[in-house]
Amino acid sequence: MSDLGSIAWPPAPIRTARLVLRAPEARDRAVFVELLASPEVHTYLGGPRPREELERELPGTPGRWPGSFVVDLDVAMIGQVLLRRTTEHRCPAALGKVDLGYLFLPRVWGRGYAAEACAAALDWLDGVLPGEPVVLTTQTANAGSMRLAAKLGFTEVERFRAWDAEQWLGRRRGPHEAHSAGESTLPRHR
């Protein structure tokens with residue numbers, strides 16, 4: 001994964017009805033460790049990393065690059081939304097596209113925060129890189145992520161097998177990107 005080009009970073013904090021998306025700060029390090037070491041968070045992401053390893057290896061301000069948003073609720077970090085250009089992927093359709101990723105603490109799941117934060121990050125991206133297509137990969141077994149992908153407007157490009165599980169690659173068109181003649185806007189299933 002690489003950067004998003006010559007965008008101005010960090011942007012002013014992005015405010016939604018309940019959340020603030022902002023650049024990472026040193027005070028967020030403990031929550032980054034918690035997210036990356038959580039077995040629940042990493043059920044569909046290849047498993048958690050050992051806490052001791054994270055404590056030793058994470059920089060003082062983790063996730064500090066363009067497209068990495070900390071998600072705050074009541075001035076406390078609850079998750080992260082990532083927008084990074086895909087330079088390596090098992091699916092050629094994803095190469096060169098911006099990839100959407102997100103991690104949220106299990107204690108806040110089921111309240112719509114991921115949808116709210118991801119939609120805000122995508123709106124920001126639409127403003128700084130108009131027409132940019134975005135991809136999202138998740139395991140088909142991850143029902144919550146599959147619902148979120150649909151809610152955010154991602155449609156299936158393909159399914160593939162990786163990490164001993166079926167994966168789903170979806171694509172979201174930029175708001176100004178036209179459909180090709182004869183191209184369906186409905187998800188394709190294999």
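A: Start with α1, where Arg 29, Val 31, Phe 32, Val 33, Leu 35, Leu 36 and Ala 37 are buried (that is, under 20% relative accessible area with a 1.4 Å probe and protein chains only; over 50% would be exposed, and in between partly exposed). Keep in mind that this is a predicted model, in which local features need pLDDT of at least 70 and side-chain atom pairs count only at pLDDT 80 or more, while totals for chains, interfaces and linings use all residues. Residues are numbered from 1 along each chain as its sequence is written, and side-chain values use heavy atoms, with hydrogens and water left out.

Seven of the nine residues of α1 are buried, so the helix is largely enclosed by the rest of the structure. The cover over those buried residues includes α2 (51-57), β3, β4 and β5. These labels are DSSP runs numbered from the N terminus, helices being H or I with at least four residues and strands E with at least two.

Now look at β4 (76-85), one of the strands in that cover. Eight of its 10 residues are buried, so β4 too is largely enclosed by the rest of the structure. On one side, β3 and β4 run antiparallel and are joined by six bridges; two strands count as paired if DSSP finds at least two bridges between them. Within that pair, Leu 73 has Ala 76 of β4 as its bridge partner. The hairpin of β3 and β4 has two residues between the strands, and Asp 74 there takes a positive phi near 50 degrees. Between β4 and β5 there are seven bridges, again in an antiparallel run, with Leu 83 bridged to Leu 100 in β5.

Leu 105 is buried, with a relative accessible area of 1%. Setting aside neighbours within four places in sequence, Leu 105 is in contact with Val 31, Glu 34, Leu 35, Met 77 and Ile 78. Leu 105 and Gly 79 are 26 residues apart in sequence, yet 6.0 Å apart in space, C-alpha to C-alpha.

One last thing to look at here is the largest pocket. Its lining takes at least two residues from each of α1 (29-37), β4, β5 (98-104), α3 (113-128), β6 (134-139) and α4 (143-151). (On a 1 Å grid over the protein atoms alone, a pocket is an open set of points where a 1.4 Å probe fits, with protein on both sides within 12 Å along at least five of seven lines; lining residues have an atom within 4 Å of a point.) The lining has 48 residues, and Leu 45, Tyr 102, Leu 103, Asn 142 and Ser 145 lie nearest the centre. The largest share, six residues, comes from β5.

Note on methods:
Contact = heavy atoms within 4.5 Å.
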